[in-house]
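I opened my notebook for a first look around this protein. Here is what I looked up, step by step.

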Amino acid sequence: MELSKSPSYVTDGSGARIKTADGHLQTSDTQALKGLVLDLRNDPGGLLNAAVAISAAFLPENVTVVSTNGQTPESKQVLKATARDYLGRDGSDAIRALPASLKKIPLIVLVNEGSASASEIVAGALQDHKRATIMGSQTFGKGSVQTFRPLGPDTGLKITTSRYYTPSGRSIQAKGIVPDVMVDDTEEGSPYAALRMREADLEKHLTSGQGEEKKDPAREKAREEAMKRLEEESRKPASERRPPEFGSDKDFQLQQAINQLKGKPVMVSKTLTERKEEPKDN
């Protein structure tokens, strides 16, 4: 079976969407598949147990998917690729019904600055276990855990209680997942990447807790240049504008992912680099 230019996507943390992918894979000849592309670009996240379930579909049973760590005993936990951790109980397990060959099929995961929270958990787990090649641009960096505390019959308070960590112990918070292969949005580059908001850009954001934050002095200059390009692009007629494509045969990043699976040359970004955390103003 040839690699499709219109692969199935798992782009949401909901059970319904993974069930759709499950049905597709169960009716496909997975033995003939040459590879899969898991597209998590612009996926803002979803349920934690769904992230564990999606990871478990591709990982060996019982390996660590994600851990949390905070100041209180209840904030410390380790979630593994087991039905009890993603179902929360014993019972019907759609992941176990997937073909065993799915755990060995070559896998590419596409991410970008819009990939956050649950999607970062999936990407980080597959990267740490060397189960997939992560391609695209550095993710958002939403790696904090919020807990709801009821204050009364109709009021409550949501507080941040811990951070998410990948299986190797990397903090996702304010750093995100750095791809194995950096790929631009288009063949011409990523002209508006500097304008995209990440967790580290938010005022009073929670730090990663791992090392000192470093400021990138070229960041503001890059933003100014990107804003000028955006203003120039907006003045063009709609027919002449070239926004990035997602999911079509003109999707540059998707084409590079397919090239990677096929062993063909990949156009690696010449401009994208790992983004360090920037220091917060006191």
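Which residue of S8 does glycine 136 stand opposite? I looked it up in the model, which is a predicted one, and found methionine 182 in S8 facing glycine 136.

Entry 1: S5, residues 133–136, pairs with S8 in the parallel sense, and two bridges hold the pairing. I then traced the rest of the sheet, which is open, has four strands in the order S1-S4-S5-S8, and is paired in parallel. Next I checked the edges, where I found S1 (36–39) and S8 (181–182). Each of these has a single partner strand, so one side of each is left without a neighbour in the sheet.

**Entry 2: a helix on the sheet.** I looked for what lies against these strands and came to H4. H4 packs on the sheet and touches S1, S4 (107–111) and S5. I noted that the direction of H4 makes about 140° with that of S4.

**Entry 3: two helices together.** How do H2 and H4 cross, left-handed or right-handed? I found a right-handed crossing for H2 and H4. The axes of H2 (residues 48–58) and H4 (residues 118–128) come within 9 Å, and they cross at roughly 30°. Angles under 35 degrees count as roughly parallel, and H2 and H4 are therefore roughly parallel to each other. I wrote down who makes the contact: Leu48, Ala51, Ile54, Ser55 and Phe58 on the H2 side, with Ala118, Ile121, Val122, Ala125 and Leu126 on the H4 side. Sorted by class, this contact has nine nonpolar residues, one polar and no charged ones. A reminder to myself: an α-helix has 3.6 residues a turn, so residues three or four places apart point the same way.

**Entry 4: how covered is H2?** I counted nine buried residues among the 11 of H2, so to speak a mostly covered helix.

**Entry 5: a hairpin.** I turned to S2 (residues 64–70) and S3 (residues 77–80), which run antiparallel and are joined by four bridges. Valine 66 has leucine 79 as its bridge partner in S3. A hairpin of six residues leads from S2 to S3.

**Entry 6: stepping back.** I finished with the whole protein, which has six helices and eight strands. Of its 282 residues, 46% count as buried.

Notes. Residues numbered from 1 in each chain as written. Predicted model: local features only at pLDDT ≥ 70, side-chain atom pairs only at ≥ 80, totals over all residues. Heavy atoms only, no water. Axes fitted to C-alpha atoms, helices over the stretch in contact; angles between N-to-C directions. Parallel < 35°, antiparallel > 145°, perpendicular 65-115°, else oblique. Left-handed = near helix turned anticlockwise from the far one by under 90°. Contact = heavy atoms within 4.5 Å. Nonpolar A, V, L, I, M, F, W, Y, C, P; charged D, E, K, R; others polar. Pairing = 2+ DSSP bridges. Buried < 20%, exposed > 50% of the residue type's maximum accessible area, 1.4 Å probe, protein only.
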